[in-house]
Amino acid sequence: MTASPPPSVRSDRPRRRPAPGKLAAAALAGVLAAASLAGCSSGDDSASDGGPVTLQFWTYTLKGGDPAAKAIVDKYHQEHPDVTIKLSEVGGTQETASKLLAADKADDTPDVVQLEYRALPSLVVAGAVKEITQDVASVKNKIEPNIWDLTTLNKQVYGVPQDIGPMMFTYRKDLFAKYGVKVPTTWAEYADAAEQIHKKDPQAYIASFSTSQFEFFAAQAAQAGAQWWSNDGKSWTVGIDSEPSLKTADYWQDLVERDLVKVEPLLTPEWNAQVNDGKILSWAAAAWAPSVLYSVAPDTAGKWASAPLPQWKAGDPAVSFLGGSTYLVPAKSKHAKEAADFATWLGASDEGSKLLLGLDIYPSGNAGRAVTLTHEPPKLMPQQKDFYKVADQVIKNTTIPVVWGPDVNLAQSGFTDALNKAASNKTSFRDVYRATQKTVVGDLKKSGYTVTQ
C-alpha cells in the first residue's frame with residue numbers, strides 16, 4: 001500500500017504547533033485576492049446540462065490495464081450510467097502541473113486531475129483550479145480535518161484527498177539485530193546507529209542520502225520547527241535559511257562527511273542492488289515505502305519492519321505527511337459538477353475510499369483507513385501485524401504543516417542541483433539552503449509579492 005513517493009487528530013491531543021489549515025489559510029489569504037478566480041466554484045457550472053458526459057481523468061494511480069482500477073471505474077459507471085470515465089495516464093506532479101497550465105491557456109483542460117499536494121498552491125494562484133467547498137460539504141466528516149487541511153486554502157477546499165503519506169522509518173530488522181543496533185527513536189540515535197552499522201560492515205550504510213528528495217528536506221525542517229514558506233495574509237516569509245532549518249542541513253552534512261550515509265539517488269539500479277544485498281538498511285520516508293521496497297527487492301520480504309520516524313526532540317512524535325495526492329477539478333472543466341462528484345466519490349465516500357485499497361495506496365478516507373487496521377500488512381513485512389496500527393497512530397500525531405509557496409518548482413530545481421554538488425564536493429550544505437532562500441525571495445519579489453524576512 002503506497003501513497004505518492006518522491007505525502008486524524010484526536011480532539012484531546014494537545015497540539016504542539018498550529019494546525020496546518022490555519023497556516024495554509026494565512027499562506028494564501030493575500031494572494032487569492034489577487035488571483036483571477038472568477039467562475040471557480042463548480043456550483044455555478046453551466047456547462048453541465050444533465051445529459052451523458054465523458055470525464056477526462058488525468059491520473060498516475062489508476063492505470064487502464066490494472067484490474068483494480070477497472071473495478072473502480074466499472075463500479076462508478078454502474079452507479080452513474082450517464083457518466084463515462086476516460087483514464088489518461090500522466091507523469092509526475094511537475095510534468096502534469098505544467099501540462100495542466102498549458103491546457104488551461106489553450107481552454108482545453110481535462111475534468112479531473114491527480115496531483116501531489118505540494119502543487120496545489122501555485123495552481124490555485126494561477127486560477128487553474130476550481131474551488132469545490134460546497135461540492136464536498138456532505139462528505140467533510142468522511143476525512144479527518146488534518147487531511148482536509150492538505151487541500152484547504154483560506155477556508156476553501158480545492159481538492160479531494162486521495163492518499164496520504166504518514167512518515168515512518170522502515171528498516172532491515174534482521175540486520176539491525178545482527179549488528180546489535182537499536183531502532184532509533186531520535187535523530188541523535190539515528191546518527192549513532194549509522195556509525196555502528198558502518199563500523200560493523202564498511203560496505204553497509206543505514207541509508208542512502210538522495211539529494212533529489214526536496215519534500216523530505218522540507219519535512220525535516222518542519223519537524224525541527226522551521227517553515228520554509230508562510231504568509232500572514234499580506235506578505236510572504238521564507239524560512240529556508242532559518243536556524244532550525246540550517247541545523248538539519250548541518251546534521252545531514254555531518255553524516256555525509258563521515259561517510260555514514262551513502263550518497264546515492266533512490267531507485268537507481270545501483271540503489272536497488274544495494275538494497276537487495278543488505279548494504280542499505282533503512283529508508284526514512286512514509287507508509288508507502290514498504291510497497292516501493294518490495295517492488296525492487298521482493299526476495300527480502302519478511303526481513304523488514306517499520307516504526308515511527310525518529311524525532312528531533314525526544315517525546316515529540318509529530319511529523320508531516322510526505323507525498324500523497326489529491327483530485328483537482330480544473331477551472332475550465334466542461335463538466336465541473338460531474339467531475340467534483342466523481343472526485344468526491346472516489347476520494348471521500350466509504351465505497352470509493354475502500355476501493356482505493358486495491359490500488360496499493362494508503363487512502364485518505366476514514367472508511368479506507370479503518371479497513372487498513374484489519375488489513376494484511378505490506379508484502380515486505382508480512383510478520384508485522386501491527387503495521388497499519390502504527391501508521392494510524394502516526395497519522396493522529398501528524399500535526400506539523402508544510403506550507404508550499406507559489407514558486408516551489410523553482411525552489412526544488414535549484415535546491416536539488418546545488419545540494420547534489422555540495423554532497424559530491426563536500427562543500428557547505430548551509431550555503432545551499434541560503435542560496436535557495438535568496439532565489440526564492442528574489443522570485444517572489446519579482447512576481448510582485450511582498451516578502452518579509
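Hi everyone, and thanks for coming. Please keep in mind throughout that we are looking at a predicted model.

In what order do its 5 strands sit? Reading across, the order is 2-1-3-14-6, and the sheet is open, with mixed pairing. Now look at the two edges. Strand 2, residues 83-89, and strand 6, residues 160-163, each have a single partner strand, so one side of each has no neighbour in the sheet. On average, neighbouring strands here are turned by 25 degrees against each other, direction ignored.

Strand 6 is joined to strand 14, residues 325-328, by 3 bridges, and the two run antiparallel.

Helix 3, residues 93-105, lies across strand 1 (53-59) and strand 3 (112-116). Its direction is at about 140 degrees to strand 3.

On one hand, strand 7 pairs with strand 12 in the antiparallel sense over 5 bridges, and Phe169 stands opposite Ala284 in strand 12. On the other hand, 5 bridges join strand 7 to strand 13, again running antiparallel. There, Arg172 stands opposite Trp304 in strand 13.

Is strand 13 largely enclosed or largely open? Of its 5 residues, 304-308, 4 are buried, so strand 13 is largely enclosed by the rest of the structure.

Take helix 8, residues 214-223, and helix 9, residues 243-257. They pack at an angle of about 120 degrees, and their axes are 8 Å apart. That angle is why helix 8 is called oblique to helix 9. The crossing is right-handed. Which residues meet? From helix 8 we have Phe216, Gln220 and Ala221, and from helix 9 we have Ser245, Thr248 and Trp252. The residues of this contact divide into 3 nonpolar, 3 polar and no charged.

Our other pair is helix 2, residues 67-79, with helix 12, residues 336-348. Here the packing angle is about 125 degrees, and the axes are 12 Å apart. Helix 2 is therefore oblique to helix 12, and the crossing is right-handed. In this contact, Ile72, Lys75, Tyr76 and Glu79 of helix 2 meet Glu338, Asp341, Phe342, Trp345 and Leu346 of helix 12. Sorted by type, we get 5 nonpolar, no polar and 4 charged residues.

Last stop, the loops. Arg258 sits in the loop between helix 9 and strand 11 (262-263). With a relative accessible area of 37%, Arg258 is partly exposed. What does Arg258 touch, leaving aside its neighbours within four places in sequence? The answer is Ala191 and Glu195. Arg258 and Glu195 are 63 residues apart in sequence, yet 8.7 Å apart in space, C-alpha to C-alpha.

Asp259 lies in that loop between helix 9 and strand 11 as well. Its phi is near 55 degrees, a positive value in a residue other than glycine. For context, most residues other than glycine have a negative phi. Asp259 is partly exposed, at 35% relative accessible area.

Asp360 also has a positive phi, near 65 degrees, and it is a residue other than glycine. You'll find Asp360 in the loop between helix 13 (350-355) and helix 14 (366-372). Its relative accessibility is 32%, so Asp360 counts as partly exposed.

Conventions
Residues are numbered from 1 along each chain as its sequence is written. This is a predicted model: local features need pLDDT of at least 70, side-chain atom pairs count only at pLDDT 80 or more; totals for chains, interfaces and linings use all residues. Side-chain values use heavy atoms; hydrogens and water are left out. Two strands pair if DSSP finds at least two bridges between them. Axes are lines fitted to C-alpha atoms, for helices over the stretch in contact, and angles run from 0 to 180 degrees between N-to-C directions. Contact means heavy atoms within 4.5 Å. Angles under 35 degrees count as roughly parallel, over 145 as roughly antiparallel, 65 to 115 as roughly perpendicular and the rest as oblique. A crossing is left-handed if the near helix is turned anticlockwise from the far one by less than a right angle, and right-handed if clockwise. Ala, Val, Leu, Ile, Met, Phe, Trp, Tyr, Cys and Pro count as nonpolar, Asp, Glu, Lys and Arg as charged, and the others, Gly among them, as polar. Buried means under 20% relative accessible area, exposed over 50%, partly exposed in between (1.4 Å probe, protein chains only).
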